[in-house]
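Open the model in your viewer and keep the selection panel at hand. This tour moves from one stop to the next, with a selection at each.

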Amino acid sequence: MSQPSSDPPSQQPAPSGLAAESESTPVVRASFSMQGFMDGWLHCQHAADYLARFASSDRFDPEQLTTRLSTYLNEALELVFRSAPGPGELIVTIHRQHDRLDVALACPIAGDERMRRSVRRATEADAVATYRRGFAGLLITPPASEDLSEWEADAGLLELVALHGITLALHEAGDALVLHMTVPHE
Amino acid sequence: MNECIDCIGDFRDDWPSTEGGVRGPAVCVSVVFYPADFAVRWSQCSATADFFAEYFAAVEACRRDDPAARDEFIGTLSYVVNELVENAVKFSVGETVEVTVGVEDDELIVMAANQILATTATPLVEKFRELLAGDPQELLFARVEANAEDPEAGVSGLGFLTMMSDYAARLGWRFAAVHDNPHNVLLTTMARLEVRKP
Amino acid sequence: MDPAQPYTVHYHENNQEVAIAGSLRPRDADDFGPVREVLVRVAAAIKGTLYLNLKRLRYCNHRAFVELARFLEHCRREHPELRLKLVISSVIPWAPIRFGYLTELFPNAIVEQYDRAFYPGQGVIENDQLIPVLRTQTNIVWDHERELLRKHGLRPGMRVADICCGIGDFAVLLHKEFKPEVIVAVDHSRPFLQYAIQVAKEFGINDIEYQYGDAANLLLASNTFDFVTSRLSLQVFDQPELIMRELLRICKPGGRVYLTNEMMSHNYGYPRHESVSWTYAQTMKMFATLGMDLSIGPKMYSLLTDLGFEDVSMEQIGITNANTVVEDFARVIESWEEYITGELSTATGQPQAIVDRLKAGFKDHVYAIRSRRGFAIWPIFVASGRKPAPTRESPTR
């Protein structure tokens, strides 16, 4: 955790590089030590609800955006939680660009492959068909097979892309994995 | 780190601690606002306070099984965070306000950092020294009375005195130079609370 | 709400509805267990339609969504005759997307979208303003009333008449709980009766006889029924004694007439009790201009004894925020607010300042209900009496 600095974090090299875009304005940045974050499952929703409410506070209908953003952010945070990354920090930054919010989640790379696998599945071609196939499989065959168990564990992000029209991307920055989510205001 | 001009009260200059590149303390959460770009209203201050309180109530080191003890913990942390955040946002002249809460060695620390005009630093130093000089309960009582007699007088420091008197918080402040802006000073306010054993 | 469990799940037998509210974000299938247990139990116990009230389910993670889908699959396999209606609100933006997707997969489930208070079987309703009020009231009163009915003499296998049955929800509950030989339910509102008939049909109940009728001139034979009920109704008639005479007439000698009515002057909420008391005093005045006595509750004793009923028994149900699900109680008051500051205020020509003050007063009552330090009560009086056996001097009327 950094000491308070005279340099605003938005002007420091941000892992996502989003701050470099001149039309993007910073909304909020939150960092969580992984150890405390992993203390409780409810931390995922505490963080999602708070950050969503904060980032929606200037909208004409803040409740609508709060509900959507918290829903999407929570799935991403739950994935981080399930990935059980090692010690380090989880950093969530939210920027605004015109009619959308850019959300970046950076977490330590250590841990299992869930994050990479989940985003890869969610960003493959025809996410809708992939989701529907996997979902139907879940209902007919409760996941006895490893494939289905894995699919079920990863389906949170896939659903966001397939049903809710969210855009996702993943990149690595040093010792951090960074998940990007684009959330339209409406 | 910014060059320290002055440290007053129970400010821990070594917190959050780092040792050989490994960051500590074990549990820490920090939120940065950008009030020049995204306005921070009073409702967001209280939402921030509630968030920190609920979050840390679920952290292992602070967890309480007894609902009354849990409520007390939440009430205390929420009050302290709210006071520090509101002050920091109200008096901020820089681009960011940063709030940090962490728990380490049975101590819960709340910290808020914001830039202020350098010209206001000296009078503030005096005010803070005054707050720390006497018995917080007596000072609080005197200021509440003064406020009642003349509500227009704008008595300050009630929030800090309440923290010290009612919540047993130890307060400290750090004034530091801002590298690229000699007109501003970085003020960091710290409140230290004991995490009571169940 | 319990911080460790930020959601609630309730079964409302009256509506055959499982309501899930709050934030349902389980970690795994086990975490979903408490919800699954309620859903599976209810699905096994009912016929007709099961309503899933999801209007107040603000957050649902993907795990919960999959588990809900698994429940629909379970119903398809184990209860193929059961229909499922998922009631959602457009206020929750993800809900139409997710649940719309589910209804593509499950032909036994449909989605209905509501923005106001829930009620099943909407259909063609002419005056729907009161229906949400009546439904939510029955929801919270039934738990208290079912035992009192027993205490006041209702038994299985009886012939029962429910006069001024309104939307028929009480008749359905009574039918399920007490299995009477016959229930005849009478009301003077065609929209209410249409609604009641539709509800009974959706719940697979065929043997409640609904009649359009005038409670002061019932088209029912004398001395027919073992148990005659009239609930929260005398208070709306300007000549309640005319209704009472009819209730007495259709009751068998030795049978009982059972009544409930309010004492609105004693609706109370603390803190802000002055505002709350003013609100109900003003509401009573408004009802009084239409000939209604909303504090007739305690007067039932003399109404019954004056007409010659024997073995008259009276008591009070106190609906409070301590003995009732808080959110249900709050919803009742909110539905009163909507009706009283809307239709009733318009009907009685209230100026805007009064309407505003009434709104504030109802909100103060809701505040008292929800506040940890608050106390709120809605008293309902319950009374019954036995129709005497005929004598040579006074043959059966």
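## Stop 1: a helix in chain C

Select helix H11 of chain C, residues 352-370. Its 19 residues, at 1.5 Å each, should span 27 Å, and the end C-alpha atoms lie 27 Å apart, so expectation and model agree. Bear in mind that this is a predicted model.

Now show the side chains along the helix. Which residues of H11(C) are buried? They are C:Leu358, C:Gly361, C:Phe362, C:Asp364, C:His365, C:Val366, C:Ala368 and C:Ile369. An α-helix has 3.6 residues a turn, so positions three or four places apart point the same way.

The buried residues of H11(C) pack against strand S12 (268-270), helix H8 (273-289), helix H10 (326-347) and strand S14 (375-386), which belong to chain C.

Zoom out to the whole of chain C. Count 11 helices and 14 strands. Of its 397 residues, 45% are buried. Among contacts in chain C with a separation of 6 or more, 75% are between residues 24 or more positions apart.

## Stop 2: where chain A touches chain C

Select the contact between chains A and C. Chain A brings 18 residues and chain C brings 17 residues. On the chain A side, the elements giving two or more residues are helix H3 (62-83), helix H5 (127-140) and helix H6 (146-164). Which element gives the largest share of that side? Colour H3(A), which supplies eight residues. Colour by class next: the side of chain A that touches chain C has five nonpolar, eight polar and five charged residues.

## Stop 3: where chain A touches chain B

Move to the contact between chains A and B. Here 28 residues come from chain A and 35 residues from chain B. Strand S1 (25-33), helix H1 (34-37) and helix H2 (42-56) of chain A each put at least two residues into the chain A side. S1(A) gives the most, with nine residues. By class, the side of chain A that touches chain B holds 12 nonpolar, 12 polar and four charged residues.

For one pair, select A:Arg29: its bridge partner in S4(B) is B:Val32.

## Stop 4: chain B as a whole

Hide the other chains. Chain B has five helices and eight strands. Trace the chain from the N terminus and the elements follow as β-β-β-β-α-α-β-β-α-α-α-β-β. Of the 198 residues in chain B, 41% are buried. Take the contacts in chain B between residues at least 6 apart in sequence: 70% join residues at least 24 apart.

## Stop 5: the nonpolar cores

Bring the other chains back. The largest nonpolar core has 109 residues. Which members touch the most others? Select A:Leu51, A:Ala76, A:Leu105, B:Phe52, B:Phe56 and B:Val81. Helix H2 of chain B, residues 67-91, gives the most to this core, with nine residues.

Centre on B:Phe56. Setting aside neighbours within four places in sequence, B:Phe56 is in contact with B:Cys62, B:Leu77, B:Val101 and B:Val103.

Finish at another core, which lies apart from the largest one and has 75 residues. Among them are C:Phe203, C:Met264, C:Leu294 and C:Ile380.

How values were computed: Residues are numbered from 1 along each chain as its sequence is written. Chains are lettered from A and ligands numbered from 1 in the order in which they are written. This is a predicted model: local features need pLDDT of at least 70, side-chain atom pairs count only at pLDDT 80 or more; totals for chains, interfaces and linings use all residues. Two residues are in contact if their C-beta atoms, placed from the backbone, lie within 7 Å. Helices (H or I, at least four residues) and strands (E, at least two) are DSSP runs, numbered from the N terminus. Ala, Val, Leu, Ile, Met, Phe, Trp, Tyr, Cys and Pro count as nonpolar, Asp, Glu, Lys and Arg as charged, and the others, Gly among them, as polar. Two strands pair if DSSP finds at least two bridges between them. A residue is buried if 20 or more other C-beta atoms lie within 10 Å of its own, exposed if 12 or fewer, and partly exposed in between; C-beta atoms are placed from the backbone. The expected span of a helix is 1.5 Å times one less than its number of residues. A nonpolar core is a set of buried Ala, Val, Leu, Ile, Met, Phe, Trp, Tyr and Cys residues joined through C-beta atoms within 7 Å.
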